[in-house]
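Let's take a walk through a protein model together. Have a look at it first, and then we'll go through a few spots one at a time.

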Amino acid sequence: MVTDPLHAAAATIIDETLVSMRTIVADLGDGLVNTTPPLPQTNSPYAIVFHCVELTKFWAGSVIGGEQIPRDRAAEFHATGTTAALCDAVDDVRTRVGDWLHIAVTEGVRDRDVRGSTRTADIAEATPQWIVLHILRELAQHLGQLELTRDVLLDAVDTHGG
């Protein structure tokens, strides 16, 4: 569906990143997905991935797509739930990203008045390309955070027997 090479590549990388996140939380399971590592200012795997789902829905769905998807950014970092529900949320956003990127290519940005980000000034001036690259940056950053969080949690289980 996306015909612009940059957006087609972005769609692929966004999907690969979300699949990697989904795999990690599925592997951690309900026993660890809501666990916060014993380090200052850290988040549980659930909160990290939930934040990524919500930021993607916000920037791609609300800003680009104009869907006015409600967002409580502060609550994202304290979110908890089941692995199955989180995997479903990741799957849902994965199925929608292509349509939102198609809008970015064909129409641009539909809603510059949406609220739900600390980057309100960026929304007012952002090009669709900036938004797509911002999403990629955020997802890549949080995938690395998720990988480290997983490693710390699994090391604690291995070291202390769970």
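This is a predicted model: local features need pLDDT of at least 70, side-chain atom pairs count only at pLDDT 80 or more; totals for chains, interfaces and linings use all residues.

**A histidine and a charged network**

Start with H142, which you'll find in helix α6, running over residues 128-160.

The chain has a mean pLDDT of 92, with 94% of its residues at 70 or more. Confidence is highest in helix α2 (residues 45-64), with a mean of 97, and lowest in helix α5 (residues 120-125), with a mean of 77.

Now for the charges. The whole structure has 10 salt bridges. One of them pairs R94 with D15, whose closest N and O atoms are 2.5 Å apart. R94 sits in helix α4 (residues 83-106) and D15 in helix α1 (residues 5-32), so this pair ties together parts 79 residues apart in sequence.

D91 and R22 form another salt bridge, at 2.7 Å between the closest N and O atoms. Here D91 is in helix α4 and R22 in helix α1, so parts 69 residues apart in sequence are tied together.

R94 also forms a salt bridge with D91, at 3.7 Å; both lie in helix α4, 3 residues apart, or about one turn of the helix. Through shared partners, D15, R22, D91 and R94 end up joined in one network.

Definitions and conventions. Residues are numbered from 1 along each chain as its sequence is written. Side-chain values use heavy atoms; hydrogens and water are left out. pLDDT is the predictor's confidence in each residue, from 0 to 100. Helices (H or I, at least four residues) and strands (E, at least two) are DSSP runs, numbered from the N terminus. A salt bridge is a side-chain nitrogen of Lys or Arg within 4 Å of a carboxyl oxygen of Asp or Glu.
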